[in-house]
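Subject: Handover of a structure for your review

Dear colleague,

Please find the structure below, together with its sequence. My account of what was found follows directly after it.

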Amino acid sequence: MSNVMNHPALAKALLVAAMPLLFAREAIAQPAPPPFDMSGTRPDLSVSVPPISGIRLGQLKVAFEQVPLARLRALAGVGEIAHRGDAGESTYWLCYTVASLPTAQRVWFIAGELDGPDHFMSAIQATTLGNGEMATESCPLLPSRLRPIALSSGLWLGRSATSLRKALGKPSSSTSDALSYSYIGKVPVSYKGKTVLFDRTSFLHLVLRDGQLQGIVASQTTTN
């Protein structure tokens, strides 16, 4: 059998035929970045206590700024750490799909520039998916051993706006389609053998649709 490359017209035809498949695979493999851009939207009014400290994955409690993304990846056994941006815009994340009724959900575990070379998780985002949307190569299914999933407060997607207000109290700011809780204060931290006060910013933004929680943005930053 002669080599295909000896027939330029045939080789070109095969390449053209294969290109849609190549581009389709490239599209599938593209990492899905966190959907919400919350830069510059945090209210100045501080609530009295931090609204969130982390997330629950099944029986596991994962605190912000304590667990590297690589550790979460090892616990899940699937998924890949993705990255975009440079300097202050540098963001690393893991993305997973949560099988849920009536529609699936998606959650991102996020680390930023201030989270060090180990990329400690300091933020999460979550959203409900449209009908028929399922797990993808870049957002595989979160294993059952890490479910159910919930914020440290026990709240999660699908809760009513009324129950959110009851559980979290008066927000820092609110609109018809969102509740925002922002905390700015001091916390004791063990540092170089001493207990010192560090600055902590904790933020929880809840996106509402038809009176139900459909999107979550949460983060915590502790600095000296």
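Leu57 is reached from strand β1 (residues 54–57), which pairs with β2 in the antiparallel sense over four bridges. Strands here are DSSP runs of E with at least two residues, helices are runs of H or I with at least four residues, and both are numbered from the N terminus. Two strands are said to pair if DSSP finds at least two bridges between them.

This is a predicted model, in which local features need a pLDDT of at least 70 and side-chain atom pairs count only at pLDDT 80 or more, while totals for chains, interfaces and linings use all residues. Residues are numbered from 1 along each chain as its sequence is written, and side-chain values use heavy atoms, with hydrogens and water left out.

Confidence

The pLDDT is the predictor's confidence in each residue, on a scale from 0 to 100. The protein averages a pLDDT of 86, and 87% of the residues score at least 70. Over residues 1–28, however, the pLDDT is below 50, and this stretch has eight contacts in the model beyond near neighbours in sequence. A contact means heavy atoms within 4.5 Å. Where pLDDT is low, the predicted coordinates should not be read in detail.

The pairing of β1 and β2 belongs to an open, antiparallel sheet of three strands in the order β2-β1-β7. Its edge strands are β2 (60–63) and β7 (149–151), each of which pairs on one side only. From one strand to the next, the twist averages 20°. Such angles run from 0 to 180 degrees between N-to-C directions, and the axes are lines fitted to C-alpha atoms, for helices over the stretch in contact.

A second open sheet, also antiparallel, is formed by eight strands in the order β3-β4-β5-β6-β11-β10-β9-β8. Here β3 (82–84) and β8 are the edge strands, pairing on one side only. The twist in this sheet averages 20° from one strand to the next.

Two hairpins lie in the eight-stranded sheet. Strand β8 (residues 173–175) and strand β9 (residues 178–191) run antiparallel and are joined by three bridges, with Ser174 opposite Leu179. In the other, β9 and β10 again have two residues between them, and Lys192 in the turn has a positive phi of about 55°. Strand β10 (residues 194–209) is joined to β9 by 14 bridges. Across this pair, Gly185 stands opposite Arg200, and Leu179 stands opposite Leu206.

Helices against the sheet

Helix α2 (residues 69–76) lies across β4 (91–98) and β5 (105–112), and runs at about 25° to β4.

In helix α3 (residues 161–168), the buried residues are Ala161, Ser163, Leu164 and Leu168. They line one face of the helix, because seen down the axis of α3 they fall within an arc of 160°; the arc is that of the directions from the helix axis to the C-beta atoms. Buried means under 20% relative accessible area, exposed over 50%, and partly exposed in between (1.4 Å probe, protein chains only). On the other side of α3, Thr162 and Lys166 are exposed. The buried residues pack against β9, β10 and β11 (212–223). After α3 comes Gly169, with a positive phi near 85°.

Two buried residues in the sheet

Gln125 is in strand β6 (residues 123–128) and is buried, with a relative accessible area of 6%. Its side chain reaches the backbone nitrogen of Phe36 at 2.9 Å. Leaving aside neighbours within four places in sequence, Gln125 has contacts that include Pro34, Pro35, Phe36, Trp108 and Val217.

Val217 is found in strand β11 and counts as buried at 6% relative accessibility. Not counting residues up to four places away in sequence, Val217 touches Phe36, Met38, Ile124, Gln125, Phe203, Leu204 and His205. The C-alpha atoms of Val217 and Val107 are separated by 10.0 Å, although these residues are 110 apart along the chain.

With kind regards

How values were computed: Polar contact = N/O pair within 3.5 Å; in protein donor to acceptor, adjacent residues only side chain to side chain.
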